[in-house]
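Colleague: I would like to learn how to read a fold feature by feature. Can we go through one together?

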Amino acid sequence: MDGICTLANDRVYDQLVALLNSIEAVQGPQMPVCVFPYDDNVDRVAAEIARRPNVQLYDDTESIRRWETFAEEIWRAHPTAFQSWNLQPGERFNRVGMHRRFCGFDGPFDRFIYMDGDTLLMNSVDFIFEKLDSYDCVVYDFQYKDPSHVYDVTSEKLYDVFPKERIESEIFCAGFYGTKRGLFDEEARKELLEHLKSDEAEILYVNGPDQSIVNYMMMRSHKSVYNFSQHFSDSEKTGCCVTSPHFENRDNVLYDKGQRLTYLHYIGIPLKAFSRVCAGENVEFPYRDLFLYYRYLHEPEKRPKLTGKPKPYNPKPTLTQRILKKLKLTH
């Protein structure tokens with residue numbers, strides 16, 4: 001069975017509803033969806049899922065424990081990760097919940113597409129599933145142009161582990177990828193940990209922990225990765241990020257120079273921007289109205305009427321803030 005997976009808790013409830021509505025509207029209500037709980041704060045998420053017969057909340061606690069332990073062992077092997085993270089009391093390692101996406105590898109779907117909670121589906125993903133007949137992992141993004149958010153490009157060991165040409169062609173953004181259940185069984189995980197503990201862990205990018213790990217898993221295990229952005233012609237390929245301002249909205253679907261996007265990723269937009277706009281604040285961010293359309297697709301009467309002067313989601317610091325920051329840096 002094919003399906004779509006995502007990751008959520010109540011802090012990203014509004015984004016989750018928007019994503020689920022976009023999947024239903026674009027792919028159809030028959031598409032199964034599995035939501036991995038980011039943490040135990042999922043009361044609103046569980047209530048929302050209970051109203052959707054095609055959506056399930058992942059509850060295999062043994063699977064969750066297994067993948068969290070696997071990720072923790074990886075980061076324990078990294079020479080500087082824990083020193084670089086500003087961990088809060090009780091935190092095992094940085095962004096623990098993000099690593100629960102790996103539960104897809106022993107989750108409910110034979111083939112699955114993982115989508116971050118801050119994405120919207122814009123087109124059918126049938127072509128992604130079809131390509132999985134021939135490849136282990138199928139993606140559609142341009143992360144390969146910037147390996148610095150996947151691996152530590154300052155590590156002298158990086159190109160000993162992976163040739164430069166592989167890094168420039170195989171890495172991908174962990175916000176959207178198609179792959180298969182069972183790719184990484186116990187034996188495969190054990191082998192990966194042996195490589196990492198033998199000093200390969202240092203090549204991982206500590207500030208994008210889950211993205212770094214899933215890329216390493218695919219590449220170190222020699223899984224085949226197909227990236228549509230490297231195969232479509234210039235006239236066929238589209239962007240996928242809100243950082244591209246030129247997308248055209250046609251009936252609540254985005255187009256890039258006439259080509260329909262597959263998905264839109266609100267990468268870089270902070271969580272609070274979504275909750276604030278859903279509370280009625282006039283917070284501006286790219287493709288805000290598209291997000292609001294899908295968030296309130298089934299309850300348009302609840303769509304907030306934004307009040308007050310428009311506010312940027314990333315306001316420039318005030319003079320006082322700049323002075324305080326400068327004083328902090330000089331002391």
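Predicted model: local features only at pLDDT ≥ 70, side-chain atom pairs only at ≥ 80, totals over all residues.

Colleague: Where does E200 sit in the chain?

Modeller: E200 lies in the loop between α8 and α9.

Colleague: Which residues does E200 touch, not counting residues up to four places away in sequence?

Modeller: E200 touches K157, V161, H195, Y216 and R220.

Colleague: Now S221. Is S221 buried or partly exposed?

Modeller: S221 has a relative accessible area of 24%, so S221 is partly exposed. Its place is the loop between α9 (209-220) and β8 (225-227).

Colleague: What is S221 in contact with, leaving aside neighbours within four places in sequence?

Modeller: The contacts of S221 are F184, L192 and Y216.

Colleague: On to helices. How do I describe a packed pair?

Modeller: Two packed helices are described by the angle between their axes and the distance between the axes. Here, take helix α3 (residues 61-76) and helix α8 (residues 186-197). Their axes come within 10 Å and cross at roughly 20°. The angle is under 35 degrees, so α3 is roughly parallel to α8. The crossing of α3 past α8 is left-handed.

Colleague: Which residues of α3 and α8 meet?

Modeller: From α3 come R66, W67, F70, E73 and I74; from α8 come R189, L192, L193, L196 and K197. By class, the contact of α3 with α8 has six nonpolar, no polar and four charged residues. L192 is also in contact with S221.

Colleague: How do α10 and α11 pack?

Modeller: Helix α10 (residues 271-278) and helix α11 (residues 288-295) pack at about 65°, with axes 11 Å apart. With 65 to 115 degrees as the range, α10 is therefore roughly perpendicular to α11. α10 passes α11 in a right-handed crossing. F274, V277 and C278 of α10 make the contact with R288, F291, L292 and R295 of α11. Those residues divide into five nonpolar, no polar and two charged.

Colleague: And strands? What holds a sheet together?

Modeller: Strands of a sheet pair through backbone hydrogen bonds, either parallel or antiparallel. One case here is an open sheet of three strands, in the order β9-β10-β11, with antiparallel pairing. β9 (248-250) and β11 (259-260) are the edge strands, and each pairs on one side only.

Colleague: How many bridges pair β9 with β10?

Modeller: β9 and strand β10 (residues 253-256) pair over three bridges. N249 stands opposite L254 in β10.

Colleague: What about the two faces of a strand?

Modeller: In a regular strand the side chains alternate between the two faces of the sheet. Look at strand β7 (residues 176-180). F176, G178 and K180 lie on one side, Y177 and T179 on the other.

Colleague: Are the faces of β7 covered or open?

Modeller: Both faces of β7 are covered. Five of its five residues are buried.

Colleague: Which strand pairs with β7, and how does the pair run?

Modeller: Strand β4 (residues 111-115) is joined to β7 by five bridges, and the two run antiparallel.

Methods:
Residues numbered from 1 in each chain as written. Heavy atoms only, no water. Buried < 20%, exposed > 50% of the residue type's maximum accessible area, 1.4 Å probe, protein only. Helix = DSSP H or I, 4+ residues; strand = E, 2+ residues; numbered from the N terminus. Pairing = 2+ DSSP bridges. Axes fitted to C-alpha atoms, helices over the stretch in contact; angles between N-to-C directions. Parallel < 35°, antiparallel > 145°, perpendicular 65-115°, else oblique. Left-handed = near helix turned anticlockwise from the far one by under 90°. Contact = heavy atoms within 4.5 Å. Nonpolar A, V, L, I, M, F, W, Y, C, P; charged D, E, K, R; others polar.
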